[in-house]
Amino acid sequence: CRASNEDSYSLFREDEISVHGLTDSIVGVLGGGQLGQMLCQAASQMGIKVMVLDPLENCPASSLAYHHVVGRFDDSTAVQEFAKRCGVLTVEIEHVDVATLEKLEQQGVDCQPKASTIRIIQDKYIQKVHFSQHAIPMPEFMQIDDLESAVKAGDLFGYPLMIKSKRLAYDGRGNAVAQSKEELSSCVVALGGYNHGLYVEKWAPFVKELAVIVARGRDNSLSCYPVVETIHKDNICHIVKAPADVSWKIRKLATDVAERAVSSLEGAGVFAVELFLTRDDQILLNEVAPRPHNSGHHTIESCFTSQYEQHLRAVLGLPLGDSSMKTPAAIMYNLLGEEEGERGFILAHQLIGKALGIPGAAVHWYNKPEMRKQRKMGHITIVGPSLAIVEAKLNSLLSKEKESSK
Ligand code: ATP
Ligand code: MG
Ligand code: MG
């Protein structure tokens, strides 16, 4: 899919262009984590002002934002006060106070994407119901309220059975896999009990996980990024390969499903669509994120327009940029906390030290004040002439034997 830039250009009316900046509109971002940090980096290049709302005084975006308001993005008063200072409101996390966003929209505040989209996405069960109503292919799913309904779901879908929290899920925290009927109760307890709001999904027998980032401008123009392969370890994104090594047919099918899913949601911005590729070449939707996404970090180095710049262009009504790759291949490796505390920092810094010596490698460190096991602390992207070459470079970076034999 392509951006229809002709329409977007008409958004530039001479009388609206500020004399000094590219735009006078301040982009307010709910959340100041690593995605907010990278939005600020892209904004700085274009002279766009980004304000972030985040409770952590030293959140990753704090030192780069035009202004950081210390406050909770799930607190109504904080969000309302923050909105008064912004021209357009957007998110880097979906777990925000959506009722307040809806109220603000009624008062004329410009939210992109729309609050209706955030409401659908932030509850994974409502998200599944929404996409099934739009005939998007997905693993079968069912709400569970007690042991009886969980057993019924197990009988219907078989095992392993994926049990998920409806809300506040990220990095697989909120997922549990029951291998048998006997494991149902312990999984439910681990997820906080039935009252927490749970549902189950039929196990997707995937051969690969894929993702597509779709950008939509305020004029409804669309621009899709290349299909990538995401490799998860313990439910957490570990490696992203761009482009995905799949046939042209699969790429087209994945892009079509992603485009259809995003077309069913309202508002401008980038949307990441997580997909399963099954053994019989079906594409099933896993979930959608209404914001920049881990599967698109590579776009900073590998695409003509990064997902972060694209998101800013989209929410501000600027023409969408070229989302195609400017390098044949890229691989992204997430730096996850290996150990708590100082030792974790030392291990990560050792790897970064090695990465700095690799041609084509770019290091991103999020400056999170605390090191925790499995926490996303940074990432490394390696670009190069082929997937085989960037994979070989990453393997040599990660090879411990090589390091110790030096
Ligand atoms: P994030 O938002 O960080 O992507 P999350 O906590 O929302 O993660 P999911 O995307 O629901 O979690 O699931 C995490 C991973 O678990 C998936 O990427 C996939 O590897 C696996 N998974 C999820 N649903 C299924 C399923 N129905 N069948 C098999 N594996 C699944
Ligand atoms: Mg998720
Ligand atoms: Mg996911």
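Where does Leu 168 lie? Leu 168 is placed in the loop between β6 and β7, where helices (H or I, at least four residues) and strands (E, at least two) are DSSP runs numbered from the N terminus. The structure is a predicted model, in which local features need pLDDT of at least 70 and side-chain atom pairs count only at pLDDT 80 or more, while totals for chains, interfaces and linings use all residues. Residues are numbered from 1 along each chain as its sequence is written, and chains are lettered from A and ligands numbered from 1 in the order in which they are written.

Most residues other than glycine have a negative phi, and most peptide bonds are trans. Leu 168, although not a glycine, has a positive phi of about 60°. A cis peptide bond leads from Gln 112 to Pro 113, with omega near -5°; Pro 113 is situated in the loop between α4 and α5. The peptide bond from Tyr 159 to Pro 160 is also cis, with omega near -5°, and Pro 160 belongs to the loop between α7 (147-157) and β6.

Two open sheets are described here. One sheet consists of 4 strands in the order β3-β2-β1-β4, with parallel pairing; two strands pair if DSSP finds at least two bridges between them. Its edge strands are β3 (67-70) and β4 (88-91), each of which pairs on one side only. Neighbouring strands of this sheet are turned against each other by 25° on average, direction ignored; here axes are lines fitted to C-alpha atoms, for helices over the stretch in contact, and angles run from 0 to 180 degrees between N-to-C directions. Helix α2 (residues 34-46) packs on the sheet, where it touches β1 and β2 (50-54), and its direction makes about 170° with that of β2. Contact between two residues requires that their C-beta atoms, placed from the backbone, lie within 7 Å. Strand β1 (residues 27-30) runs parallel to β4 and is joined to it by 4 bridges; Leu 30 has Val 91 as its bridge partner in β4.

The other open sheet has 4 strands with antiparallel pairing, in the order β5-β8-β6-β7. At its edges stand β5 (141-144) and β7 (175-178), each with a single partner strand, so one side of each lacks a neighbour in the sheet. From one strand to the next, the twist averages 30°. Strand β8 (residues 198-202) is antiparallel to β5, and 4 bridges join the two. Within β8, Val 200 is the bridge partner of Met 142.

Two packed helices are described by the angle between their axes and the distance between the axes. The axes of α2 and helix α11 (residues 307-316) come within 8 Å and cross at roughly 70°. These helices are therefore roughly perpendicular to each other, the classes being roughly parallel for angles under 35 degrees, roughly antiparallel over 145, roughly perpendicular from 65 to 115 and oblique for the rest. The crossing of α2 and α11 is right-handed; a crossing is left-handed if the near helix is turned anticlockwise from the far one by less than a right angle, and right-handed if clockwise. Met 38, Leu 39, Gln 41, Ala 42, Ala 43 and Met 46 of α2 make the contact with Tyr 308, Glu 309, His 311 and Leu 312 of α11. This contact has 7 nonpolar, 2 polar and 1 charged residues, where Ala, Val, Leu, Ile, Met, Phe, Trp, Tyr, Cys and Pro count as nonpolar, Asp, Glu, Lys and Arg as charged, and the others, Gly among them, as polar.

Helix α4 (residues 98-106) packs against helix α5 (residues 115-122) at an angle of about 165°, with the axes 9 Å apart. The pair is therefore roughly antiparallel, and α4 passes α5 in a left-handed crossing. Val 98, Leu 101, Glu 102 and Glu 105 in α4 meet Ala 115, Ile 118, Arg 119 and Gln 122 in α5. The residues of this contact comprise 4 nonpolar, 1 polar and 3 charged.

Around ligand 1 there are 18 residues, of which Met 162, Ala 169, Glu 201, Ala 204 and His 232 come nearest; a residue is near a molecule or strand if its C-beta atom, placed from the backbone, lies within 6 Å of it. The elements that contribute two or more residues to this shell are β6 (161-165) and β14 (283-289). By class, the shell around ligand 1 divides into 6 nonpolar, 6 polar and 6 charged residues.
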